[in-house]
Amino acid sequence: MRITIRQIREMKHKGEKITMLTSYDYATAKIIDGVGIPLILVGDSLGMVVLGYESTIPVTIEEMLHHTKAVVRGTKNALVIGDMPFMTYHISVEETLRNTSRFIQEAGAQAIKLEGGITIAEKVRRIVQCGIPVMGHIGLTPQSVHQLSGYRVQGRSPDAAAKLLRDAQALEDAGAFAVVLETVPAPLAALITHKLSIPTIGIGAGIGCDGQVQVINDILGSFADFIPKHTKQYVKLTDIIRKAVIDYFNEVKNGAFPTEKQSSTMDEDILAKLKK
Ligand code: KIV
């Protein structure tokens, strides 16, 4: 039985920290699910850490659905959240609902996430009315990187902080079951967490949030192009992978791989006949 949004909400009220990780493929999702992480986000960070785009903006809905399906196949317990890519929830309510439903009906996700506060609250309300759980995402919203003039801390000025508070409240009022706070000052994130009755999930938002989310490639050290300040590398997979690839390269070159252990034998008589 998968985790439900009711259980996620209850975790906040019991003071139990909520963990969330991104995943983009079957094998990784299976490991995360097996550990008992309750929330798996198929983030549009896919575009940067898996597909090699410069930002999340080029990611298409077809790419997101493809990877969401793989993650759903690898999980039994976690709530899988599909991330709505750039401009798939802005043009009209009708188009938003159509795109949202694809994550649930075609890809098998249990919830969706989208970026924005007051400006998309009405869309959130309509999606929730259709029976689809919505996770909000405010603060540094990477799909607006050009409008924000880069990946910078949000909510530092009095006006910007007050606006973030209003955005968070608007998402709760619209029926979102949780909200991601990305790259906002820790005291502001703690205040928003205190004011909301739905859980906040922080990334670069300090310890005062109800939960934390990280990009799996960041905590595994498997994405070397850019290491965000808010991450902690629990292992440096790039070094481990590089060493394994070098060892393989050398062993093929010098004939040390494959050995008998990796090879199959066959009947000597059949071989002898073939040689005649
Ligand atoms: O796309 C993503 O991975 C995200 C998380 C960083 C919250 O939106």
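A polar contact is a pair of N or O atoms within 3.5 Å; within protein, one of the two must be able to donate a hydrogen and the other to accept it, and residues adjacent in sequence count only if both atoms are side-chain atoms. The model is predicted, so local features need pLDDT of at least 70 and side-chain atom pairs count only at pLDDT 80 or more, while totals for chains, interfaces and linings use all residues. Residues are numbered from 1 along each chain as its sequence is written, and side-chain values use heavy atoms, with hydrogens and water left out.

The protein chain falls into domain 1 (5–235) and domain 2 (240–275), with bounds that come from an automatic or database domain assignment. Between the C-alpha centres of domain 1 and domain 2 there are 45 Å.

Helices (H or I, at least four residues) and strands (E, at least two) are DSSP runs, numbered from the N terminus. Two strands count as paired if DSSP finds at least two bridges between them. By this rule 8 strands close into a barrel in the order 1-2-3-4-5-6-7-8, with parallel pairing. From one strand to the next the twist averages 25 degrees; axes are lines fitted to C-alpha atoms, for helices over the stretch in contact, and angles run from 0 to 180 degrees between N-to-C directions. Strands of a sheet pair through backbone hydrogen bonds, either parallel or antiparallel.

Strand 1 (residues 18–22) and strand 8 (residues 211–214) run parallel and are joined by 4 bridges; Ile18 has Gly211 as its bridge partner in strand 8. Strand 8 is also joined to strand 7 (residues 200–203), by 2 bridges and again in parallel, and here Gly202 stands opposite Gln212.

A residue is near a molecule or strand if one of its heavy atoms lies within 4 Å of it, and the residues around the ligand are Thr22, Leu41, Gly43, Asp44, Ser45, Asp83, Lys113, His137, Ile203 and Val215. Of the 260 Å² of accessible area that the ligand has on its own, the protein covers 95%; accessible areas come from the Shrake-Rupley method with a 1.4 Å probe, and for residues only the protein chains shown count as cover.

Arg102 belongs to helix 5 (residues 93–105). Leaving aside residues up to four places away in sequence, Arg102 touches Ile61, Glu62, Leu65 and Ala107, where contact means heavy atoms within 4.5 Å. With Glu62 there is a polar contact between side chains, at 3.0 Å. The C-alpha atom of Arg102 is 28 Å from that of Asp218, which is 116 residues away along the chain.

Two backbone features remain. Most residues other than glycine have a negative phi, and most peptide bonds are trans. Met87, in the loop between strand 3 and helix 5, has a positive phi near 65 degrees. Phe257 and Pro258 are joined by a cis peptide bond, with omega about 0 degrees; Pro258 sits in the loop between helix 10 (237–254) and helix 11 (268–275).
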